Amino acid sequence: MINVIKARIAQGFRTMQYPDGPPPELPQRFAGWPQVAGGACLQGCHACAEICPTAAITVSTPATGPAIDIGRCIFCRKCQAACPAGAIVFGGDFKMARAQRSSLRAVRNEAADEAAVCSERIRRVFGRSLKLRQVSAGGCNACEADTNVLSTLAWDLGRFGIQFVASPRHADGILVTGPVTVNMREALLKTYNAVPEPRIVIAAGTCAISGGLFAGHPETLDGADGLLPVDLYIPGCPPHPLTILEGLLWLIGRVSRQH
């Protein structure tokens, strides 16, 4: 026991300072909110739209340039590599969670756009304590892995009063990952109905928002949006733990966004 105490003292304080301090350093390969320069788009070039594996990009006119649906994007950055004019750049903005699905559609130069704000009711009711039941609705477990990271010592999600619980009857809402397969439909609905009101729904990851790579498949429901009333969308494939954390804190009013 003495050796354990000595080791703990030697290790010091390991939990990151964010949001009271700067966010942790992101890896160079991190792909955040994309920025699109419409004026740089070449006449008649649809290379970005043609290479996108989830049909997340549309090109209307060269003047406006390509529009990206962040809710369908898997952040593979093939469009960035394919664009001969360099009109698409995935930046380092990790604050990508939105309260409305429409705020993730037709993104061009709105990197700092905040078209929707979270409900004041959510902030008032869940601002001090938020218990979530995580539901894996047919995903690959990448989103679940990055969500589970938040409970580790370095992130310490519990310090904000946010915890993941084992039973939906002890939860304030559910966090859904995966494209929602047909076989998971009933289980997801039962879990949601077991959560006492008022309750919230969070769609984490591209699959949970739009179906991702599985969109249109007869064995999926293309995400949670058509089945449950979603209060927060967290894009990414998978979303970085920092993106998830910032989205949760923004949802309950613990952080504000200033661009």
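Here are a few questions and answers on the sheet and the salt bridges of this predicted model.

Q: Which strands stand at the edges of the open sheet, each with a single partner strand?
A: The sheet is open and has 5 strands with parallel pairing, in the order β6-β5-β7-β8-β9. One side of each edge strand is left without a neighbour in the sheet, because each has a single partner. Those edge strands are β6 (162-164) and β9 (232-234).

Q: In β8, what is the bridge partner of L175?
A: Strand β7 covers residues 173-177 and strand β8 residues 200-204. The two pair in the parallel sense over 4 bridges. In β8, the partner of L175 is I202.

Q: What angle does the direction of helix α6 make with that of β7?
A: Helix α6 (residues 185-194) packs on the sheet, where it touches β5, β7 and β8. Its direction and that of β7 make an angle of about 160°.

Q: How many residues apart in sequence are the parts tied together by R101 and D69?
A: The side chains of R101 and D69 meet in a salt bridge at 2.9 Å, N to O. R101 lies in the loop between β4 and α4, and D69 in the loop between β3 and α3. So the pair ties together parts whose separation in sequence is 32 residues.

Key:
Residues numbered from 1 in each chain as written. Predicted model: local features only at pLDDT ≥ 70, side-chain atom pairs only at ≥ 80, totals over all residues. Heavy atoms only, no water. Pairing = 2+ DSSP bridges. Contact = heavy atoms within 4.5 Å. Axes fitted to C-alpha atoms, helices over the stretch in contact; angles between N-to-C directions. Salt bridge = Lys/Arg side-chain N within 4 Å of Asp/Glu carboxyl O.
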